[in-house]
Amino acid sequence: MLLITENNDSVNLITEDKDGTKNYFIEGIFMEADKKNRNGRVYPKKILEREVERYNEEFVKPNRAMGELGHPDGPTVNLERVSHIIKELSGDGSNIMGKAKILDTPYGKIVKNLIDEGVKIGVSSRGMGSLKNVEGVNEVQEDFILSAVDIVADPSAPNAFVEGIMEGKEWVWNNGVLQPRIIESYKDRIEKARNKREIQEAKLYAFADFLSKLR
């Protein structure tokens, strides 16, 4: 069985004020069925509907449908990286619609910061299963198991930020100067990353840390 991930940026951001507390949610299309996606894969509708029903019973209803920020390497949810919890997941034609609440965890706070700064947020479904090539298209098979739905930032945002900040000697804003040594610490953290997941984590950290210093 393969680890299968799919990105989708068809989600909307929602903020709700309750008892003086600002709550963050994302909602929209989390997965799509019977349609060739950007990775050249197709998820038959009956398979997604079955998995959504199971996931709702085993994870959403008992308040266990947690997801992470970024692209994990395996199907298991790492509690240290949890950023949100899915509150609703249901079918709407060929689409699987969802709603998730952003948690006040360390990674959840990064997501909130990114949202506040206008960064576009997407989702990435994660599951295990096998593929079968049918007329040039990789079709997801009956053994597919939905593991989680994660949050991913628009890749161009943190990547463009990192590439841009490495080109300059320093950044100046009203509250002071971001010295080159801080920029070098970002660069050092990224260069020490051992795989794609750690590189993405390092870029997201640099992006969020930089934004926090602007406040």
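Which helix is Leu114 found in? I looked it up, and Leu114 belongs to helix H2, residues 106-116 (helices are DSSP runs of H or I with at least four residues, strands are E runs of at least two, numbered from the N terminus). I'm working on a predicted model, where local features need pLDDT of at least 70, side-chain atom pairs count only at pLDDT 80 or more, and totals for chains, interfaces and linings use all residues. Residues are numbered from 1 along each chain as its sequence is written, and side-chain values use heavy atoms, with hydrogens and water left out.

Leu114 again: I have it as buried because its relative accessibility is 0% (buried is under 20% relative accessible area, exposed over 50%, partly exposed in between, with a 1.4 Å probe and protein chains only).

Next, strand S10 (residues 137-140). I find S10 paired in the parallel sense with S4 (residues 41-42) over two bridges (pairing takes at least two DSSP bridges between two strands). Arg41 has Asn138 as its bridge partner in S10. On S9 (residues 131-134), I note four bridges to S10, running antiparallel, with Leu131 opposite Val140. S9 and S10 make a hairpin with two residues between them. Glu135 in that turn has a positive phi of about 55 degrees.
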